[in-house]
Amino acid sequence: MSGTGFTGATAVRFGSKNATSFTVNSSTQITAVSPSGTGTVNVTVTTSQGTSTQQIPFTYVSTSVPSLTGLSPTQGPASGGTTVTLTGTNLTGATAVRFDGVAATSFTVNSSTQITAVTPAHAAGAAAVTVTTSGGTSNALTFTYLAVPSVNGLSPNQGPVAGGTTVTLTGSDFTGATAVRFDGVAATSFTVNSSTQITAVTPAHAAGAAAVTVTTPGGTSNPDNPSAYFFYAALPALTALAPAAGPATGGTTVTLTGNDLLGATAVRFDGIAATSYTVDSATQITAVSPAHAAGAAAVTVTTPGGTSNPLNYSYLSAPTLSSLSPAQGPTHAGTLITLTGSNLTTTTDVRFGSTPASFTVVSPTQITAVAPAGAAGPVAVTATTPAGTSNTLTYTRTDAPAI
C-alpha cells in the first residue's frame, strides 16, 4: 500500500484484524500480508501519530482450493517430456504444477477444469502431482516415472531370413511394452512374460545383423547394445555331392558343396543324421553317410537359416557273383569270361587275384571280362562297385597240352 507518514508504523489492520505481517518499505510504502476475512473491509495504518482515517477498501474474494480428479497419461519416461492432461476443479489462475515438488517444465491452464503440463525429469518411481492457485494447493495424484527398458540377451540369437523364429528377450523394465522391433521392423507378435522377459516372433529380414529394441512408456532400449543383436542367416543351398553313391552299410565320406553352409546344425540322408560331419567352409561340408536301405536318399543341410534343397545320394547293395562262364581257360590272356550275379551296374573293377582285368558291364546282372595271363591253377575272381567288393568265384587256368 502507498500513502504518507508510514515511518514507525506500529500496526496495519484489515478491518478489525491485524495484518498477518507487514514491512515498512519507506515513509510512503508498506507491504502487508492480509489476514483471513470476508467481504470488504477498510485498511488502516497506525503510527505514534495516530491511525489513518481515509477509506481504503480491501475486498476478500472467495477462492476455493483446487482439486484434481484425473491424469492422462498416468506414466511416462524418467527423462520427462510427457504431456499430461490434468482434470479437476477450481484450476483457474494456477500458479504452479509440481511433480513431487519439482515444477512442470511448462503448463497451460485450458479451463477451470483442465490443465496441460509437461513432465520434468525425475527418478523412476511414483511422483505426487499437485496444482497451486491463490486458493491453495490441490490434493495429490500419482504419476509414475518409468525407467528406459534394457535388452541384454536373446535366445536364440540367429534364425532364417524368412522370419518366424520365436526369440526370448531378457533384460529389465519390460512391463507395458508397446513394441518389439528388429532393425526397426515390428516383430510379427510378442508377449510380455514379465518385467524381465519377452517372447517375440521375428519378422522377415535380409541376411545380416538386426538390432532388437523394446519400447515401453519409459522409452526405447539401446539399439547399439551388442547383446541385443539378432543374426539373420541365409537359406543354405547344395550344388553337388562327391561321391554321389556308396554302400548301404554307410561309412562313405561324402563332400557336399554349396553356399551358406556355415553354422550347420545337421546333415541328413533321407532324414537320417549323418554319422558325423565337419563344416570345412561356407561352401563345403564333409559328412560320413549313415546306413540306409539301397536306393536314393535325399541329402540336406540344416543351418540357423533353414534347411537346404535336397540332392540325391544313391545307396548301393554290395555286388554278388553267382557264376563264371567258362570257369576255366588257358594260362595266357584273352579268354572272354561272362560273370553273372547281381548289383553289377556300377562296377568299377574286376580282378583275377590281384590282377585287374578289362571288362564291360552288360547289365545289372552280367559283366564280360577278358581273363589276364597267369600261372596255372585256381585264381579268385571279384567285382568291385562303390558299394564294395563281391564274393569270390574260382577261375582255373590250365597249361596247354604238350607232346
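**Entry 1: N90**

I started at N90, which sits in the loop between strand 10 (83-89) and strand 11 (96-99). Strands here are DSSP runs of E with at least two residues, helices are runs of H or I with at least four, and both are numbered from the N terminus. I looked up the backbone angle next: N90 has a positive phi of about 60°, although it is not a glycine. Most residues other than glycine have a negative phi, and most peptide bonds are trans. N90 is partly exposed, with a relative accessible area of 34%. My cut-offs are under 20% for buried, over 50% for exposed and partly exposed in between, using a 1.4 Å probe and protein chains only.

A note to myself on the source: this is a predicted model, where local features need pLDDT of at least 70, side-chain atom pairs count only at pLDDT 80 or more, and totals for chains, interfaces and linings use all residues. Residues are numbered from 1 along each chain as its sequence is written, and side-chain values use heavy atoms, with hydrogens and water left out.

I then found a positive phi at D270, near 55°, in a residue other than glycine. D270 lies in the loop between strand 31 (266-269) and strand 32 (272-273), and is partly exposed at 40% relative accessible area.

Which side chain makes a polar contact with the side chain of D270? I found that of H292, at 3.1 Å. A polar contact is a pair of N or O atoms within 3.5 Å; within protein, one must be able to donate a hydrogen and the other to accept it, and residues adjacent in sequence count only if both atoms are side-chain atoms. H292 belongs to the loop between strand 34 (284-288) and strand 35 (295-303). At 15% relative accessibility, H292 counts as buried. Not counting residues up to four places away in sequence, H292 touches A248, F269, D270, I272, A297 and Y315; contact means heavy atoms within 4.5 Å.

**Entry 2: two cis bonds**

S72 and P73 are joined by a cis peptide bond, with omega about 0°, and P73 is in the loop between strand 8 (67-72) and strand 9 (75-77). The bond from A242 to P243 is also cis, with omega near -5°. P243 falls in the loop between strand 28 (237-242) and strand 29 (245-247).

I found K17 in strand 2 (residues 17-18), partly exposed at 40% relative accessible area. A polar atom of the K17 side chain lies 3.2 Å from the backbone oxygen of S36.

Is T382 buried or exposed? At 13% relative accessibility, T382 counts as buried. T382 is part of strand 45 (residues 377-385).

**Entry 3: the whole chain**

How many helices and strands are there in the chain? I noted zero helices and 47 strands. The radius of gyration is 48 Å, well over the 22 Å that the globule rule gives for 403 residues, so the chain is more spread out than a compact globule. That radius is taken over C-alpha atoms, and the rule is 2.2 Å times the number of residues to the power 0.38. The C-alpha atoms fill a box of roughly 180 × 30 × 25 Å along the principal axes.
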